[in-house]
Every structure is written in structure tokens, then in C-alpha cells.
Amino acid sequence: MSSPTSSTLPKDECIVQLPYDPEEHPREKSRHYISATGEDIASMLETVKLNHLPELFSHLPQEQLFKGNLDLPEELSYEVAADHLLRVSQKTKLHTSFIGDLLPVWKVHPIVGQVSQLRPLSTSYTPYQPERSQGTLVTHWIYQCVVSNLTGFEAINTSLYDRSAAIFEAICCARRSRKRPGSVLLAQSLFEEDISFLHTHARGTDLNFEIGPLDTTTGKLDYDKIKIIVEEKHSVISAMVFPQVNSLGLLEEVDFLSDLARQWDIPSIAVIDPMLLATGGLKPPSNFGSGGVDFIAGEAQHLAIPPSFGGPGLGLFGSRYNEHSKKDLRNTPGRYIGKAKDSQNRDCFVMVLSTREQHIRKEKATSNVCSNQAFLATIAGANLLAKGENGLKNALAHAAHSRRQVSEWVRQRDGIELAFPHSAAFTELVLSVSEDPEILLRRAREDGLHFGVDVSSRLTSGEKKLIKLSFSDVQGEEELASLKKFIFDNFPASSQTENEAMIPSNLLRTEPTNLPSFSHDELINYYEQLANLNISPDDGCYPLGSCTMKYNPLLNDWAAGLEGFSQAHPQAPEEDVQGPLEVLYEIQEWFKSITGLAGVTTQPVAGAQGELVGLKLFQAYHQSRGEDHRNIILIPKSAHGTNFATAATAGYGSGIVYLQANEEGRIDLTDFRQKIDEHGKNLCGIMITNPNTSGIFETDFSTIAQDVHQAGGLVYMDGANMNAIAGIVDLSKLGVDAVHNNLHKTWTIPHGGGGPGDAIVAVSEPLVPFLPGKQIYKDKDGYFRSYTPESSIGTFHRNWGNFGHKVRAYSYLLRLGKEGVPRMSSVAVLAARYLFEVLRFHYPTLPAHAGQISRMHEFILTLSDQDFERLEKVGVPKSQAIPQVGKLFLDFGFHAPTVAFPEVFGLMIEPTESYTKAELDRFARAVISIKDLVENYPQVVTTAPHFTPIDRVDEVAANRNLCLSEKLSHLPSLPVNRIQPHVLLELDTDEIKRRILQLHDLAE
Ligand SMILES: Cc1ncc(COP(=O)(O)O)c(C=O)c1O
């Protein structure tokens, strides 16, 4: 394993100029990003009656712990880490580029950089507490409205992982909603990467596909053949998917396709690029044919960020929701924001339609998605507003003009020609060349040009050698001049000029979008106000259990934004993206060491997708042994909703068997053994969260794993809680076959108001040959190269996953080094154990009979029966008591703990290692004050929260009268904090209590 070469650099040779002063951010420079001092740690250890950090783990089976150091490099100082990151990024060779293809590249407005620095927006959690999340909610509302404006679709969710995932979810939604039998008709002209994603997901399920063929002479779909397929098989076609702009950059006949589907009542899904729908662009999908398509799916990453070696992406999904068409919405995946009112009739926003989601519906959910790409939706909304009507229109006009110009140059040369001159195209150009495209592309590289992408394989006939160029507002005169020079230098002038097809008017937008325009100052001021309505883990303990809301270093974000990482295109030749590949390689190798397992894939983009990767690996493994009958998945009842929803997505919906917990909150061995006896022969695997969602280590894990293995099954560990055991527990000794590591929890990726997350999946030896995506290795000359494992289950991302997040995790691990990883987990466990020790004398704890069990990184508090009775008497039913008490946390400047999960009457608290003892003590005082209020002044619970910008939201009304978008003529007006969150955090907890009582005329 390589260790960073610059770890030995003398400080004065460092080349980095950071755009911020790390000294001004107290958590930024602390060793391992642990704020507690040595004294703090000693004092907390004393409270929990221990002498040393390792004793925190003395209740775990000792043979399962790592002995000695992890195989990671030594930690780097802040400056040297920054220097190293810059040097790695500089290994990328950024050329003038006409690569776009799978991932278009457009300029983003400078406002994106500014909004990205608003930490209460970028680091906060999913807006489950609307009173403290109006900032995030408004940004998502803006995204929904603007994308709705562009597409004509009323219901736009606040993002799926990427285009492929959006197409998959649209297909599942269409089939669920219309209940039509049969296969899905996929246009062959979709990107093969998207089709391959769909095949990966379909394997082992009842989803199958029929391919609508391409006409190799036009480069577009063969409409006659597609018509015949539909006429002959319409009763067994459950949905139809086609692109507006196909993988050869040509415009498909969307009116024909949309009407054909409508004629036979087949739900239609159009794959679109929202950027191309701006004024002066292509026809919006709501107007395709006589009534528009039913669903849209697409990629919108380029509305928010640069290519970033392929991710995070922004999966766009939309459905209709108007007086003619409402039926699909409740079957859709993902999150929506709706307009609402609070109890004082203030306008506000709230997440709606949650009852479709995995945390409520488990295996019956409409999707397994939990973390989405929320922050990209936030900044895409800001970017679109900042560019406004004219900015978008001009960008499109520029791209189309560049394309026309290059087309003209090409038509004047010999040896290179338009591949499909009679098919209309808008911003892309496919050229047919006489020589080997690879040789041509290499020659262009030598001239400092990424000329395009070899797309010859997309024409199955194989008779043409094709190169595709993509145009946008990124290429200016200089770039076009280099392209022209290359074309003119390499291809002689021709005596004839060929004509090119015009875009037929029926494929173009006719009406302007009339997007509003705002000044930059007005917008940045507005987004700053929005940030002020949220809170960030920067400022204090953010106690959401199971979410690991720890400090997100600024260094990580800076690193992810370095040109060599953020501007690298995933389809650039491997020789030119050695920087990104090095990051992926190191991360891949480091996670083998962190988990103790044999293989790693860096492709999955969220915990839920990591789970799906795991179960698909299990499926492939069993199939390879001729054991496809294994269809049972055991899951403890207390597991996160994604575990069940993932099992259903993988095709095990009817094979999920719930496991019971014993009185101590661990898996009940007797129940488990009964289920193994009953289902062993058909067992596919088990999914176990460890430490479990009660913050308790499953000490019988290895016994359970042995029994599962003996029955022929495999073991998935949900690693959402790795913050308790990373670098401490060797997962290979536990018997784990696959585990995901949520980078947005343990590995300091910001939560972004709900995403993007990320997940690295590590696997045991038998599963290594099946890993998805590409593996990276270092060749004998030190170059990073990739290969696809021989029996790979396929792909979970069109490129390399959320690469930007891999950079963040890499940056974090550089600072942690081999000692930092176990120290981080130890202090996280210590902080939780300390708070538990202080608070258990004030609150009953859950599980009820687990009082004596040592907690790991989190714990659950509840109320006494008397408290519940007191609350009932003032009008708070028991079912509402815990969520309502959670609102009191907001009054003390904190976010609420996780309420009602995994225990209906639980408040789950996870402090993480990011806070000093003084901060934890203030948090504890607040929690004790809350108990005092509940006991002595229960009426204050009915009106909580008291100091947030809005009061309690009427979620029932918001769900009943759904309003998911409107024409944005002005920025939504904003409520104001009654007391600023930072002031609340500075106030003494007794003073806050006094102010709450004063509001009720109860203060002494
Ligand atoms: C225990 C557990 N498992 C799985 C997940 C799903 O992870 P993600 O949101 O990254 O999809 C979560 C997310 O909160 C979780 O807490």
C-alpha cells in the first residue's frame, strides 16, 4: 500500500494557498478533528469509571478486535495534507475538451460556490424538523419550481442518485402505478451505461426488457420496427423508455414515440436533459405528442457542479400532478417539498408524501432511497435562478452556434464527415472518420485537445468509426480555434460541402420559459438568510442518532473543489486522470484495511445503494453455485427501513423474515435459530446493523454469522454505525461478507440537507470476483489502471460513483492516519457513554432491560409512564409525545434527536467525537431541563418549539392539499428566527427555560 509521498515534505516547501484561514475555525485544526482535550477525555473516562480509551471496548469479544495498527499511512499535518491533496490533483491533465456525452459540462454561476460555503445549508441533515430546516426546504422548493418550469412537469422530486437511477425508479413507479404486465421497452439509443445499470438491477427480479432497435442509417430509433413491436406486444409491455437526445447526440421523434405509447396505454418515460429545455431549446416533455409523456428522468449534475470525475450526480425525476393526472404521484420514489402553514398561519414548507418512503413503509415502500442528492438540488436551484431566463438562453444559443460552426468546418474537409447529416442534432456532433478513432483521439491529446469520445460501438452494425463531440457554454473562441486548427491540420480541404438537417420545428420549444431574473446580490443575500434558518454541526452537538452528525472539515471541501479533481471528466483517457484514479485506488485499499475484508468497491453512492450492491452480490454468488432458490433474507425488526426496502428492490420482497430482539435489544438467538431451522435451505443471507440501532454491540454476531454460513447463507453488515467501531473491530473476524461504510456519517462527508451521501462497500474473499464497476490497480510503472472483475454483477453508476465525496474521505483519512481512525471511534463512544452516564439518572432508557449494557456511540432515552400521562392530560397523545418533546431540543439551540426510531417511544442520541466536554455538558443540561419541563410544566410541550422561525407545521393539511410547485415570480418570503440559533447556544439553559415559561406566564 502506498503512503503519501509528501508526508516528509518540509513545511516551507508546501505549495498551498488555502482560501480560508483554518485557525479561525476551532474544530478544523484539532488533531483527528476531535475537539475534546486530553483533560476532557480523562475527565469523561473518570465519569464512566474507566482508565483508558481501549477499556471502552472491553465488553466486546476480544478476538474480534484489531491487534496493532491498521495498514494506513501515518497521519499528515494540516499543511502537508493540503499540499499532498494539491499535488495529487495536479496529476490530472486538463485539456481543452469536447467530451460531454454521458455527463454534459456547462458553466455554473459563481453563486454555486458561495451557496456551497453556507455551512448550515451544506452540513445540515434531511429536513425532518421543518421548524429548524426552512433554509433547506426553501432551496428545494425553488429547485422543484424551476425544474417544473423547464420541463412542464408539476411534481419534481428533490433528486435521485443520477440519471440511471432515475430511469430505474421511473420504470418501477410506472409498473407499480399502472399495474401492467410484461417487459419494459427500452430504446436502444439510450446510453449503454444506463441500460447496463438497468440490467444489473433487474437481475433476480421480475423486471425484464425488450430493446427497441436503432436504425443504423439514421442513427435514430427504427420507428417502423418499434411501431410493429408495440402493435404486436402492447398487452405485455409495461412501460416504454426513450431519450429526447439519444446517445449519438441526435434528436429522437418524441411526438411519435409519446403518441405511440399513449395510443396503447403504455406508460411513457422520456429521458431528458433539463438544460436543453431552456428558452431557445428543445420542446418540454409535457408537450411531447398530443398529451406529453407520463414520467421524466434525467441527469442534472451539470446544473449544479462541474464533472467531478462523474459525481455526485443529480438524478432528475418528475411525474404529472394536475387536474387531469394525479394517479402516479403516490407511487413515485424520492422526496418532495410542499407548501404548508404553521400553527400561526405563517407560510412555510415541509416534506410531504413521506408515507411512501422506506422509513415508514419498509419493504412496501416505493423505493429504497434514503439519502438522495439534496445539496445538488439546492445549488442547481440557485444556479438556475442566478442564470435566469437570459443566462440559460444565451448559454444554449452559444452551444448550438459552436456546434453549427464546427459542423461547417467539418463539412469542408475530407476524411471526416457528419455521420448522420440527415438527422437533426442540437448541441452534439457525431463525426465519421476514416482512421481508427483511438489513433485520432491520441493525436488530438498530443495537441492538448480532448477531441471527443469514440462512440463506434453504439452503432451495432459496426461499419462506421464514430467520434462524438459535445458543445456547451464552456468552450469559448479560444477552444473552438484549437479545435478548428486540429481539424484543418489533420484533414485536407474538400471540394464539396454537404448539407445538414435543420431541427424540425416540432422538436423545439415554442414558448419562452419566462424564468425570473434576480441580481447576484439579491440572491446571495437571500441564500444567506436561508442558511440562518438552519443549524449546522459546526456550531454544536447535533444529536441525531444513527446519523453521525460530526464535524465536516473545510479541508475536505477545498480538496474536492481542486481543479484536477472537480474538472476531471470521467470519460477522459485514464492517462490524463491519474490524480482521481490515485484517490480511488488509495481509498479502495484503505477500506480493505479499515474493514479487514478482501475487496472493496467505491461505486455505490449511498448506504441504501450499498445494501443493494451487497444483496446483488449475494444473489450472484448463490447463482454461481447453482443455488438460485435461496430467496430468504433475515432482518432484525429494529433495522433501518432501507434494509427491508433494499431486500424488496433486489427481488426478495416476499422472502423477508423479521428477527426479534431479546430484552436487552440484541438479536434473540432462540428466535434466530428457529428461523434458521425453518429457512436454512432457502437462506440467501442476513442483514445486521452493528452496533445496532439501539447503540448496542451485537456480541453474538460471529455466532450468528457462523450459523448463517453453515446454512449456506451470507452476512451483510449495515455499517451505518461504523463510527463506533472503525479501526477497532476486524469485520472479517465477525464473519461479515459485505458491509457499507456511509461516507456521509463516519467519514465526514457533509449531509447536505439530505445528500449526496456515499457508500464504500467492502466484501469477503468469495464475493470479490463479483464486484460491480471497475477495480483500480497500480501497474509496474506506477500508473493507475482499471479493470472490470470477471464475474462482475454489473454497474451501479454510469461512472465512478460520487467521486467528489471520495476526495473528501481521502482528505479526512490523510489527517487521521492509522492512529486517528481508532481514536476517532473511541472518543465517539466515550462521548456517548459519558452522556448516557449523566442522563440515565434523569430519564428511563431503552431497551428497557438493557440499562446495564455498555452503550457504543449512541443511546436511547424515553419518558416515564407518569410523564406520558402528564402529557396526555395537557392534550399530547402518547403517540405524539416523543416527536413533540423532540421539538423542545430546538428551543435550546440543538437539532432534535432521532425520534420514534428504532423504538417508537425513544429519543436516540448520538453525540459523536466532535465536541468538547463543555459542549457535551451544556447539551446534557439542556436535556435535563427538558425533562424538568415535561415533569413540571407539561403544557409547554404543546407549543414547542418556541424560538424557531415558525411554529409547528400542519403536515396533515400540507399532505391533503398538495402544492409541489408554482411559477416563481418572486423569491418566497421568509420567516425570521425569534431567537438566532447561535444566541440560543450561548444562553444558559436555565435562562432558556425561564424564557419558555415566561411565554406561558409561568416564570417565577
Ligand atoms: C442504520 C442505517 N442504515 C441505512 C441507512 C441508509 O443510508 P443512506 O441514507 O446513505 O442510504 C441509514 C441512514 O440513515 C441508517 O441509519
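**Close-up views of a pocket and a ligand site**

**View 1. Lining of the second largest pocket, by residue class.** In this predicted model, the lining of the second largest pocket comprises 18 nonpolar, 16 polar and 8 charged residues. The volume of this pocket is about 1,200 Å³. Among the 42 residues that line the second largest pocket, those closest to its centre are Ser116, Gln117, Asp557, Trp558 and Arg808.

**View 2. Helices that contribute to the second largest pocket.** Two or more lining residues come from each of α3 (111–116), α4 (119–122), α11 (374–411), α15 (554–560) and α23 (803–839). Of the elements that line the second largest pocket, α15 provides the largest share, with 4 residues.

View 3. The ligand sits in the largest cavity, where 15 residues surround the ligand, the closest being Ser371, Gly607, Ala608, Asp718 and His744. By class, the shell around the ligand consists of 5 nonpolar, 7 polar and 3 charged residues. Helix α18, which spans residues 607–624, gives the most to this shell, namely 3 residues.

View 4. From the side chain of Lys745, a polar atom is placed 2.8 Å from an oxygen atom of the ligand. On its own the ligand has 390 Å² of accessible area, of which the protein covers 99%.

Note on methods: Residues numbered from 1 in each chain as written. Predicted model: local features only at pLDDT ≥ 70, side-chain atom pairs only at ≥ 80, totals over all residues. Heavy atoms only, no water. 1 Å grid on protein atoms, 1.4 Å probe; cavity = no way out; pocket = protein on both sides within 12 Å on 5 of 7 lines; lining within 4 Å. Points joined across faces, edges and corners; volume = space filled by probe spheres on them. Nonpolar A, V, L, I, M, F, W, Y, C, P; charged D, E, K, R; others polar. Near = heavy atom within 4 Å. Polar contact = N/O pair within 3.5 Å; in protein donor to acceptor, adjacent residues only side chain to side chain. Areas by Shrake-Rupley, 256 points an atom, 1.4 Å probe, with all protein chains shown as cover. Sits in = over half its atoms within 2 Å of the grid points.
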